[in-house]
Amino acid sequence: DRPKEPVFMEKGNKTVFDVPDNFLTDRYKPIGSEVQTRAGENAERRIPVRNISIPDLRVPMSLGRGEQFSLFIPRHRRVAGRLIDIFMGLRSIDDLQSVAVYARDRLNPFLFNYALSVALLHRPDTKGLNLPLFSESFPEKYVDSTVFSQAREEATVVNEGSRMPIIIPRDYTASDLEPEHRLWYFREDMGINLHHWHWHLVYPFEASNRAIVDKDRRGELFYYMHQQIIARYNMERFSNNLSRVQRFNNLREPIPEGYFPKMDSLVASRAWPPRFDNTVLKDLDRELDQIKNDVNDLERWRDRFYEAIHQGFIVDESGNRIQLDEQRGIDYLGNMMESSILSPNRQLYGDLHNMGHVFISYSHDPDHRHLESFGVMGDSATAMRDPVFYKWHAYVDDIFQEHKQILNPYTAPQLDYRGVTISGIQVQAEGGRQANVLQTFWQQSDVDLSRGMDFVPRGNVFARFTHLQHAPFTYTINVNNEGSAQRFGTVRVFLGPKTDERGQQMLFRDQRLLMVELDKFVVALRPGQNTVRRRSTESSVTIPFERTFRNLDQNRPAEGSADELEFNFCGCGWPQHMLIPKGRPEGLRCELFVMVSNYDDDRVDQDLVGTCSDASSYCGVRDRLYPDKKPMGYPFDRLPRSGTDRLVNFTTPNMSVVDVTIQHTDTVTTRQGNARQ
Ligand code: CUO
């Protein structure tokens, strides 16, 4: 049954709550009925809110309403954990609604939104609900701050039907003097940042209800999803004639790349602080955040990781050894690194990744003398905008790779699927003349800002932003099943660069780290020749554009329909418009790799009907096991067997590689379905 829709999901001001007088804040109590009458003047729907005794909100209220909120800060995590517990513990949706309405006016809005979102995703009685689009609720985290005064002007002066979209400049955070700025379209892409925020919402690392955190292979997925971000970023760097991202492995060195976000927090009424070029990390002593940590703490935790990896075991809180084996090793390391409450020993291995974010995000004001809040690295909704994100995560990944390198390489018989061979692969872009040439270009799309802004008269105000796009394409894979019975295969599709930054052919050991997963799916193979066709839009890493920006789709299913539930189910997923790298005007030379592995060895028996599973490679499947038994990133997650220096030597008969070129055209198209063409 479709769960009852609580009202905090409603858009605009057409629905109002009838709240009991004692729910009003002290400020409004004396004028309670007047306020409620005014608010309800044009209401189309009034929702009575039940008067229940409100749980103790003192801990969540300890974070000020105008403060920034960061999950990376341990104190904020504890506050959020408490609020999640409160929301999770309420007995019915009506009670949840009452407490949410009561809390909404009293709590920090980011904290409120986060904890309520986690609760809605995890309560059995609210699982089918769609969350409001985060970029609409908090547009300040996704767009240039100058857009807001224009939006206000447009909303105040122009009637809703005649409003024009406000153009977000194409690249506004820096000039071409800064080489890193060439990557603006990746780092500042709204869909990518939404995916990252959503991923961390689906995989919280702290809650007193352990079940919220304890999901199948979540530590491994933390490693893999972020490893893929770095691989993708490096492909974009190659597209822009930049070399691979350098690891931030010497924490005492200045960070050459500065970042000036040019965003304002509407909630805190403050600009997001910048980081100047060549900033050095300093010991942190910020009483307000209850943070007192030295750079040396990070270094000590790091050393313990290397020690554990090289010894092949970790030590839990009781002093027991846990082997870092092929099965579970990476999952333990992921949970220790992030770190989550699943870390077997947070005392010993610390909180390296999260505190790295914190150190970097406070590097402009480490002891709070300037009363400044954290920079964009302090928030999962904004962290990917900053070039240093990739340096930090390249380093984090390097530590994971230290473990992966120790594992036994896959042998040829392990990789092979006896009796199944690939005889050819081809990709064809829609409207393209040549096979194996992919096309990218720019596109403009609209996003509605009005939910996250306070102005009258209300109504939609759209911002128009520019993003990368590609022509959809189709893979055709010829697979021969030499047996006499039908067999099943898992098709794994990856894209990697053909040459390195010097134009030299790549060694497998380097190239494997740059292989970007494009798709993974199961096929039935009849005896004899099979032609497998698969469209790029079906990818297991992406969600469609309409899901990333779901309010924009004019063909969205009717409100309340079963299709709508599916449609809105899960916002986690790499945005389809960023599936392939930008490429170059003269063409970026890549290799497309396809492997068919034996599905009998990969299969996880579970029911996937009605679950959010279409971006399962990076997001897993809600309430289910990760739908592939193989290590994430297989077969590129380990070093190759000896004698296989290059990708071509690595291939067994069930794999194939084809050269593909990505061509970029510097033209801008307008998306069908925009507010105005
Ligand atoms: Cu996703 Cu560092 O984990 O940001």
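Visitor: Which order do the strands of the open sheet take?
Guide: This is a predicted model. In it, seven strands make an open sheet, ordered 3-12-11-20-19-14-15. The pairing is mixed.

Visitor: Which strands stand at the edges?
Guide: Strand 3 (166-167) and strand 15 (516-525). Each has a single partner strand, so one side of each lacks a neighbour in the sheet.

Visitor: In what sense do strand 14 and strand 15 pair?
Guide: Antiparallel, over nine bridges. Strand 14 covers residues 487-497.

Visitor: What stands opposite Leu 495 there?
Guide: Val 516, in strand 15.

Visitor: And strand 19 with strand 20, parallel or antiparallel?
Guide: Antiparallel, with eight bridges. Glu 591 has Asp 659 in strand 20 as its bridge partner.

Visitor: What about strand 11 and strand 20?
Guide: That pair is parallel, over seven bridges. Strand 11 spans residues 437-448, and strand 20 spans residues 655-670. Gln 439 sits opposite Gln 663 of strand 20.

Visitor: Which strands does helix 11 lie across?
Guide: Strand 14, strand 15 and strand 19 (588-598). Helix 11 is residues 218-239, and runs at about 115° to strand 15.

Visitor: Let's move to helix packing. At what angle do helix 11 and helix 13 pack?
Guide: About 75°, with the axes 6 Å apart. That makes helix 11 roughly perpendicular to helix 13.

Visitor: Which residues meet there?
Guide: From helix 11, Gly 219, Glu 220, Phe 222 and Tyr 223. From helix 13, Ile 330, Asp 331, Tyr 332, Leu 333, Gly 334, Asn 335 and Glu 338.

Visitor: How many of those are nonpolar, polar and charged?
Guide: Five nonpolar, three polar and three charged residues make up the contact of helix 11 with helix 13.

Visitor: How do helix 12 and helix 16 cross?
Guide: At roughly 10°, and their axes come within 9 Å. Helix 12 is residues 295-311.

Visitor: Which residues meet between helix 12 and helix 16?
Guide: Helix 12 brings Phe 305, Tyr 306 and Ile 309. Helix 16 brings Ile 399, Glu 402, His 403 and Ile 406. By class, the contact of helix 12 with helix 16 has five nonpolar residues, one polar and one charged.

Visitor: Back to His 403. Buried or exposed?
Guide: His 403 is buried, since 20 other C-beta atoms lie within 10 Å. Its place is in helix 16.

Visitor: What is His 403 in contact with?
Guide: Setting aside neighbours within four places in sequence, His 403 contacts Ile 309, Leu 324, Gly 329, Ile 330 and Leu 333. Ile 309 belongs to helix 12, while Ile 330 and Leu 333 belong to helix 13.

Visitor: How far apart are His 403 and Val 516?
Guide: 20 Å in space, C-alpha to C-alpha, and 113 residues in sequence. Val 516 is the residue opposite Leu 495 in the sheet.

Visitor: New topic, backbone geometry. Where is the cis bond that involves Ser 339?
Guide: The cis peptide bond runs from Glu 338 to Ser 339, with omega near -15°. Ser 339 is in the loop between helix 13 (329-338) and helix 14 (346-349). Glu 338 also takes part in the contact of helix 13 with helix 11.

Visitor: Which residue does a cis bond join to Pro 635?
Guide: Tyr 634, with omega about 5°. Pro 635 lies in the loop between helix 22 (616-619) and helix 23 (647-650).

Visitor: What is phi at Arg 217?
Guide: Near 55°, a positive value in a residue that is not glycine. Arg 217 sits in the loop between helix 10 (210-213) and helix 11. It counts as partly exposed because 19 C-beta neighbours fall inside 10 Å.

Visitor: And phi at His 368?
Guide: Near 65°, again positive in a residue other than glycine. The loop between helix 15 (352-361) and helix 16 (387-406) holds His 368. With 16 C-beta neighbours inside 10 Å, His 368 is partly exposed.

Visitor: Last one. What domains does the assignment give?
Guide: Domain 1 (7-129) and domain 2 (412-435 + 474-661), according to the domain assignment. Their centres, taken over C-alpha atoms, are 42 Å apart.

Technical notes
Residues numbered from 1 in each chain as written. Predicted model: local features only at pLDDT ≥ 70, side-chain atom pairs only at ≥ 80, totals over all residues. Pairing = 2+ DSSP bridges. Helix = DSSP H or I, 4+ residues; strand = E, 2+ residues; numbered from the N terminus. Contact = placed C-beta atoms within 7 Å. Axes fitted to C-alpha atoms, helices over the stretch in contact; angles between N-to-C directions. Buried ≥ 20, exposed ≤ 12 C-beta atoms within 10 Å, placed from the backbone. Domains from an automatic or database assignment. Nonpolar A, V, L, I, M, F, W, Y, C, P; charged D, E, K, R; others polar. Parallel < 35°, antiparallel > 145°, perpendicular 65-115°, else oblique.
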